[in-house]
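Have the viewer open and follow along.

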Amino acid sequence: MSQPGRNEPCPCGSGQKYKKCCSGGRASSGQAGPGAEVHQRDERLAEDLMRFARRRLGAGWLREAMDAYFQDLDAGPEDLQLFIPWAVHHGPAGGRPVREWFLEERGTKLKEAERQWLEAQRTVVVSIWEVLEVRAGEGLVVKDLLRWDERFVREGRASRVLRARDAVLGRVVDHAGGAVFCGLYPVPLPPSWAAEVVRVARQGLKVRGRKPVPHEKLLDPGATLELVHAWQDAELAWEEEQEAAAERPLTLVNTDGEPLLLTVDHFEFDGGNRTQVMAALERVEGAEVEEEGVPATYSFLKEGNAMHASWENTVVGQAVVEAASLRLEANSVARSEALRSRVEAACAGLLRFRAREHSDPLALVEKLEEAGVPLPPREAAPPEVQEALRLFKQQHYAGWTDSPLPALNGKTPRQAVRSAAGRRAVDTLLKEMEHDEAALPAGERVDFSSLRSELGLEE
């Protein structure tokens, strides 16, 4: 499930751009609930540090910091979430961070809790954190994708807006036996884009193989700034990809890869020959009687499925037999042509073709939109329907490990995991699948842990 670009209208209906509304909300820490007291102290001290820096270093300090951090980006208030912590704790100001100048000149006048808090910032780095588990209203279990250590961060708001496998760029502060986010980039990235930032960061830091990035490398101000810029670049590229995808015409296909076009062939026959017509239909290969009587319904199946290896067969069309007419239905022209040929051969001399009609589901949606008819909102399915959807998807994914995938250059996941690069690619694909599932109602989500276990990619 894709997210809107930062400059698109926010889907919450507020009328604001996404970057000024729920974009910031998705990756921000709140002021109520777990961690609230710590955040209030942190923000109060950050304001003190900013005022101190302007007096101590001059007005030009802030402009230089903003130019270095944002480059040519159009920054908004939501971008200050990470910029301000970066500026006072990481950006060089006369050879060392503003925090150190502040502690040297004002440290003895601070309350003990405030001084300890600022001193705790000395070991904090900006890193890439992946959400492993969401505990709504309490916090998040996150994993550092550069150093691999895990934390439970106490966050109220962020735990309500982030979902599993979201990746965020930010600072996690360990203090007084707990951990909180103190500075987050306003836009999280999906797994594949976060993986690219990790690759770029490790390459820039010259860390090879599976080694964790040394803590001292991430403490370097230059490395921190490069990481922020890599994230900004990825965000812009991801946004451009989403905008390009939105402009491409939507194409629906069936499981044979054929353009989806509902096609109906109409036939007539002499009412006295209805029994013969039905008997002929039953002789068509793959025919199954669904309903008898008037109307009678037949389904036509073929073995296997081109898209889903776990499916035993595919329904390619159906026939509806009235008292003196027959209707053949299929979801593509190719399937309709093949089915019509088989049925006319089986019913030789019994049927008279009358007409063919097409229905394009996308065209119907466009007409409704042009007429200003709102599409009904997607309501949560009843529990039994969610369970049916979950089982259906679970059956589909049962054969995923042995299905050749374009994203793996035609290899199956089982083949791909034999190399280090292939393991990373399969892991990212699984994370994307898990990320999409996390957006669905809990009863509808598929658990991919069995696939991970089968491929040796347990976490």
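Start at valine 289: setting aside neighbours within four places in sequence, its contacts (heavy atoms within 4.5 Å) are Glu282, Thr297 and Tyr298. Valine 289 sits in strand 7; helices (H or I, at least four residues) and strands (E, at least two) are DSSP runs, numbered from the N terminus. Valine 289 counts as partly exposed because its relative accessibility is 38%, where buried means under 20% relative accessible area, exposed over 50%, and partly exposed in between (1.4 Å probe, protein chains only). Alanine 319 is 30 residues away from valine 289 along the chain, with 9.6 Å between the two C-alpha atoms.

Before going further, a word on what you're looking at. This is a predicted model, in which local features need pLDDT of at least 70 and side-chain atom pairs count only at pLDDT 80 or more, while totals for chains, interfaces and linings use all residues. Residues are numbered from 1 along each chain as its sequence is written, and side-chain values use heavy atoms, with hydrogens and water left out.

Now zoom out. The protein has 17 helices and eleven strands, and of its 459 residues, 44% are buried. Take the contacts between residues at least 6 apart in sequence: 61% of them join residues at least 24 apart.

At the start of helix 10, aspartate 220 puts a side-chain oxygen within 3.0 Å of the backbone nitrogen of glycine 222.

Next, the pockets. Rolling a probe the size of a water molecule over the atoms shows where empty space is left. Here the search runs on a 1 Å grid over the protein atoms alone: a cavity is a set of points where a 1.4 Å probe fits but cannot get out, a pocket is an open set with protein on both sides within 12 Å along at least five of seven lines, and lining residues have an atom within 4 Å of a point. Grid points are joined across faces, edges and corners, and a volume is the space filled by probe spheres set on the points.

The largest pocket holds about 1,000 Å³ of space. It is lined by 29 residues, and Val198, Arg210, Arg424, Asp427 and Thr428 are the closest to its centre. Helix 8 (191-204) and helix 16 (420-437) are the elements that give two or more residues to this lining, with helix 8 providing the largest share, nine residues. Sorted by class, the lining has ten nonpolar, five polar and 14 charged residues. For that sorting, Ala, Val, Leu, Ile, Met, Phe, Trp, Tyr, Cys and Pro count as nonpolar, Asp, Glu, Lys and Arg as charged, and the others, Gly among them, as polar.

The second largest pocket holds about 520 Å³. Of its 18 lining residues, Leu132, Glu133, Ala164, Glu434 and Ala438 lie nearest the centre. Two or more residues each come from strand 1 (126-135), helix 16 and helix 17 (449-455), and strand 1 gives the most, with three. This lining has seven nonpolar, one polar and ten charged residues.

Have a look at aspartate 166 too, in the loop between helix 7 (158-161) and strand 4 (167-175). Aspartate 166 counts as buried because its relative accessibility is 0%. Its side chain makes a polar contact with the side chain of histidine 435, at 2.8 Å. A polar contact is a pair of N or O atoms within 3.5 Å; within protein, one must be able to donate a hydrogen and the other to accept it, and residues adjacent in sequence count only if both atoms are side-chain atoms.

Last stop: the backbone. Most residues other than glycine have a negative phi, and most peptide bonds are trans. Tryptophan 148, in the loop between strand 2 (139-144) and strand 3 (150-154), has a positive phi, near 75°. Asparagine 409 also has a positive phi, near 60°, and counts as exposed because its relative accessibility is 75%. Finally, the peptide bond from valine 294 to proline 295 is cis, with omega near 0°.
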